[in-house]
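Here is a short briefing on one protein model. Please keep the sequence and the 3D view open while reading.

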Amino acid sequence: MFSNEVIVSLLAVMCLVGMPRAHGAACESIRIPMCRSMPWNMTKMPNHLHHSTQANAILAIEQFEGLLGTKCSPDLLFFLCAMYAPICTIDFQHDPIKPCKSVCERAKSGCEPVMKRYNHTWPESLACEDLPVYDRGVCISPEAIVTAEGPESMPDFPMDSHNGNCRGTNTERCKCKPIKPNQKTYIRNNYNYVIRAKVKEVRSRCHDVSAVVEVKEILKSSLVNIPRDIVSLYSSSRCLCPPLNANEEYIIMGYESEEQSRLLLVEGSIAEKWKDRLGKKVKRWDQKLRNPGRVKSESVSGKTNTKQSRH
């Protein structure tokens, strides 16, 4: 439900103006969860709203979830991501590309009536007037990645501007070094989480791969909360290592990103087909990892009692 409190909170964040824009570094991979579905995977900070880091942008853009939930405009998410996680290419590193004025106007015309119900208007920080027009400058829209000369003028952007598919991607078969689960490896790698999960889907968009799984059992968790629900496991490359197959149930041992509150399935992680016996082993290994002195003490005590019983 889109409440008055959500609108007020939304507008408070939308109207914030940060520090003056500084010259940022080169393009960086998008780490804003709401924008990972966009047809581009590289951005640059500061963004068009002067957020200096993606971490700051995440906190701000998440306030739009309520407005997005009303489905007031099919262009709203695209427009927000174009502002908060602007597309960055080799040719346009100095000034990230802005959304087209028409995209902003469509989002505004659809969503401002909803905001007016709560006596609010479209914020000045998202004003459409200063955005470029399709045939007069460089801008992006959901229909295509467009420039004054047309899509072909951006050859370094790794996607087909008409349909959002990646091009120039390395199609070589992924080679993952298998890691067998054993006590020595488990203790050495000290995984942040261990779950029993059924794979629902493996998603691949350009160079980003993730797995959607249903958590059946939590054997170990660290700082990131793991619900008994559908969660995503994120990779850091175009390969999902270790590999997962849809509709299979696994015991998965991996790491986490506390900053992004997400679970990672990266090189060094383990994914084995679920077996009750393996699950029991992992619980013993984790107990030994948490209480190495106690386990050793109990082992020595057991040997002593055995010797005494023989006399």
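**Salt bridges and packing**

Lys-200 and Glu-214 form a salt bridge, with 3.8 Å between the closest N and O atoms. Lys-200 sits in strand β6 (residues 193–205) and Glu-214 in strand β7 (residues 208–220), so the pair ties together parts that are 14 residues apart in sequence. The model is predicted. The structure holds 11 salt bridges.

**The chain as a whole**

- The secondary structure of the protein chain comes to 8 helices and 11 strands.
- The protein chain has 311 residues, and 41% of them count as buried.
- Take the contacts between residues at least 6 apart in sequence: 66% of these join residues at least 24 apart.

- How accessible are the two partners, Lys-200 and Glu-214?
- Lys-200 counts as partly exposed, at 42% relative accessibility.
- Glu-214 also counts as partly exposed, at 25% relative accessibility.

- Asp-75 forms a salt bridge with Arg-106, and the closest N and O atoms are 3.1 Å apart.
- Asp-75 lies in the loop between α3 (65–69) and α4, while Arg-106 lies in helix α5 (residues 101–116), so the bridge ties together parts that are 31 residues apart in sequence.
- Asp-75 counts as buried, at 10% relative accessibility.
- Arg-106 is partly exposed, with a relative accessible area of 31%.

- Arg-290 pairs with Asp-286 in a salt bridge, the closest N and O atoms being 2.6 Å apart.
- Both residues belong to helix α7 (residues 276–290); they are 4 residues apart, which means a separation of about one helical turn.
- Is Arg-290 buried or exposed? Arg-290 is exposed, with a relative accessible area of 51%.
- Asp-286 is buried, with a relative accessible area of 7%.

**A salt-bridge network**

- Which residues are linked in a network of salt bridges? The members are Arg-196, Glu-217, Glu-249 and Lys-283.

**Helices α2 and α4**

- Helix α2 covers residues 54–61 and helix α4 covers residues 76–84.
- The axes of α2 and α4 come within 11 Å and cross at roughly 150°.
- Angles over 145 degrees count as roughly antiparallel, and α2 and α4 are therefore roughly antiparallel to each other.
- The crossing of α2 and α4 is right-handed.
- On the α2 side, the contact involves Ala-57, Ala-60 and Ile-61.
- On the α4 side, Leu-80, Cys-81 and Tyr-84 meet them.
- By class, this contact of α2 with α4 has 6 nonpolar, no polar and no charged residues.

**Burial of helix α4**

- How many of the 9 residues of α4 are buried? The count is 8, and α4 is mostly covered.
- Leu-76, Phe-78, Phe-79 and Leu-80 are among the buried residues of α4.
- Cys-81, Ala-82, Met-83 and Tyr-84 are also buried in α4.

- Ser-257 is placed in strand β9 (residues 249–257).
- At 12% relative accessibility, Ser-257 counts as buried.
- Leaving aside neighbours within four places in sequence, Ser-257 is in contact with Val-224, Arg-262 and Leu-264.
- Trp-40 is found in the loop between β1 (28–29) and β2 (42–43).
- Trp-40 counts as buried, at 2% relative accessibility.
- The C-alpha atoms of Trp-40 and Thr-89 are separated by 9.5 Å, and the two residues are 49 residues apart along the chain.
- Lys-281 lies in helix α7.
- Lys-281 counts as partly exposed, at 34% relative accessibility.
- Lys-281 and Asn-182 are 99 residues apart along the chain, and their C-alpha atoms are separated by 8.6 Å.

Notes. Residues are numbered from 1 along each chain as its sequence is written. This is a predicted model: local features need pLDDT of at least 70, side-chain atom pairs count only at pLDDT 80 or more; totals for chains, interfaces and linings use all residues. Side-chain values use heavy atoms; hydrogens and water are left out. Axes are lines fitted to C-alpha atoms, for helices over the stretch in contact, and angles run from 0 to 180 degrees between N-to-C directions. Helices (H or I, at least four residues) and strands (E, at least two) are DSSP runs, numbered from the N terminus. Angles under 35 degrees count as roughly parallel, over 145 as roughly antiparallel, 65 to 115 as roughly perpendicular and the rest as oblique. A crossing is left-handed if the near helix is turned anticlockwise from the far one by less than a right angle, and right-handed if clockwise. Contact means heavy atoms within 4.5 Å. Ala, Val, Leu, Ile, Met, Phe, Trp, Tyr, Cys and Pro count as nonpolar, Asp, Glu, Lys and Arg as charged, and the others, Gly among them, as polar. A salt bridge is a side-chain nitrogen of Lys or Arg within 4 Å of a carboxyl oxygen of Asp or Glu. Buried means under 20% relative accessible area, exposed over 50%, partly exposed in between (1.4 Å probe, protein chains only).
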